[in-house]
Structure formats: structure tokens, C-alpha cells
Amino acid sequence: MVDHEKIQQAVRMILEAVGEDPDREGLAETPARVARMYEEIFQGLKIDPREYFSVIFSEDHEELVLVKDIPFYSTCEHHLVPFFGHAHVAYIPKGGRVTGLSKLARAVDMVAKRPQLQERITSLVADTIMGELEPHGVVVVVEAEHMCMTMRGVKKPGAKTITSAVRGCFVDDAAARAEVFSLIKG
Ligand SMILES: Nc1nc2c(ncn2[C@@H]2O[C@H](COP(=O)(O)OP(=O)(O)OP(=O)(O)O)[C@@H](O)[C@H]2O)c(=O)[nH]1
Ligand SMILES: [Zn+2]
């Protein structure tokens, strides 16, 4: 649980500081709404993504598994405005240790629901999968648009940031890595 009372006080202060009247009709409920919103969009702070991989299926598949185009929404830790896009998660299971596909998307979702950096989402998802599933290798690619670069500051709408984290066999196996990147692109 986030501290609703504290968030409400803070939002009220911000509204006053920017020259708004926090008691006018349209804003009266805003501090409480923002507190509820933070509860939702920062819920990943309370969740360890490793818990999604506590159930492992035993399946004899030591070939590529790729879940691509996983939409996500996150909050830039520098400006507290959204950045959002898609994540692509690939791994090659080892020793029959296969996870439910949805767990890959859940891990992305929850890691994103924190004040974040795109690089940290990318590496944390990759390292969590490496640590929990102990696969041959993992590739995570994240593509996102940062509202802090779109609506303010440098103002470059449409600019996309692409980050990748490559682990295990994909580090040395250029062909396997290229296959993943071409499947993501296609
Ligand atoms: N590496 C990284 N940088 C990010 C991310 N999200 C936002 N940023 C950058 O964080 C930087 C913060 O820069 P500062 O110079 O401290 O802040 P600022 O004066 O508001 O910077 P401008 O955005 O350039 O106006 C900016 O360059 C943002 O583009 C992210 O996920 N990863
Ligand atoms: Zn930002």
C-alpha cells in the first residue's frame, strides 16, 4: 500500500505551488485520485518479479521461445512522466525448465510499474529469467517512447529508444542472436 494521506498532501502542495486552487471543484478530488493512481502504477515496487517463476513446467524443448510485442507502461524516474512501448522476451530453456508464457509478460509489467529507467527494465527482466529459469540464454529488447522527450525538454515526438540485454549463449552465438532480432523485427 502507498501512503495515500502523504500523496494527497503532496499533490495539494504541488497544485498550490503551480498557482492552482486545490479547492476548486474540478481539483477537489484530484489528490485522492492521484494517490489511487500511484497505488496502481507503482504496484511493482511491492512485487519481486522472481515470484512469477516459482512454477516451472517440465517440457523437453531446448529451442527458442519468444514472446514479442508485450505492451508496457512505465514512469520515468527523472520526471515522473510516462514512457511506454513494447518489450520482446526470448529465451532458450535448459533441462526442461519452461515457464508459462504469460509469466514473461507479467514480469515485464511489474518491473515497469515502478519509477524506472528503460535500461533497468531491460536488464532486470533478463537477469530475473536467467536467475530463475537457468536457461541457455535470454534476450530482452525494449522499445519505448519517453514522454519526457516528447512533451517537454528536447521535444522529439516519435523518437524511439531501443535497449537490449543479452545473456548466456546469445552473447557468443551471433547466429542465434541474429535469429532473435530478425524475429522481433519481422
Ligand atoms: N538513460 C535513460 N535516460 C532517461 C530515461 N528516461 C529519461 N531519461 C533521461 O534522463 C535525463 C535527465 O537529464 P537531466 O539533465 O538531469 O534533466 P533535464 O534537465 O530535465 O533534462 P532534459 O530532458 O534534457 O531537459 C534526460 O536526458 C532524459 O532524456 C531512461 O529510461 N534511461
Ligand atoms: Zn524523464
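Which way does H3 pass H4, in a left-handed or a right-handed crossing?

Tutor: H3 passes H4 in a right-handed crossing. Handedness is read from the near helix: it is left-handed if that helix is turned anticlockwise from the far one by less than a right angle, and right-handed if clockwise. The model is predicted, so local features need pLDDT of at least 70 and side-chain atom pairs pLDDT 80 or more, while totals for chains, interfaces and linings use all residues. Residues are numbered from 1 along each chain as its sequence is written, with chains lettered from A and ligands numbered from 1 in the order in which they are written.

Now the geometry. H3 covers residues 101-112, and H4 runs over 118-133. Helices here are DSSP runs (H or I, at least four residues), strands are E runs of at least two, and both are numbered from the N terminus. The H3 and H4 axes come within 10 Å and cross at roughly 140°. Axes are lines fitted to C-alpha atoms, for helices over the stretch in contact, with angles from 0 to 180 degrees between N-to-C directions. H3 is therefore oblique to H4. Oblique is what remains after roughly parallel (under 35 degrees), roughly antiparallel (over 145) and roughly perpendicular (65 to 115).

Next, the contact. H3 brings Ala 107, Val 108, Val 111 and Ala 112. H4 answers with Ile 121, Leu 124, Val 125 and Thr 128. Contact means C-beta atoms, placed from the backbone, within 7 Å. Seven of these residues are nonpolar, one is polar and none is charged. Nonpolar covers Ala, Val, Leu, Ile, Met, Phe, Trp, Tyr, Cys and Pro; charged covers Asp, Glu, Lys and Arg; the others, Gly among them, are polar.

H4 and H5 (147-150) each supply at least two residues of the shell around ligand 1. That shell includes Cys 76, His 78, Glu 119, His 146 and Cys 148. Its members have a C-beta atom, placed from the backbone, within 6 Å of the ligand. Five are nonpolar, four polar and one charged.

Compare another pair. H1 (residues 4-17) and H2 (residues 30-41) pack at about 130°, with axes 8 Å apart. They are therefore oblique to each other. H1 passes H2 in a right-handed crossing. The residues involved include Ile 7 and Val 11 of H1 and Val 34 and Tyr 38 of H2. This contact has seven nonpolar, three polar and one charged residues.

Finally, the whole. The protein chain holds seven helices and seven strands.

Note on methods. Contact = placed C-beta atoms within 7 Å.
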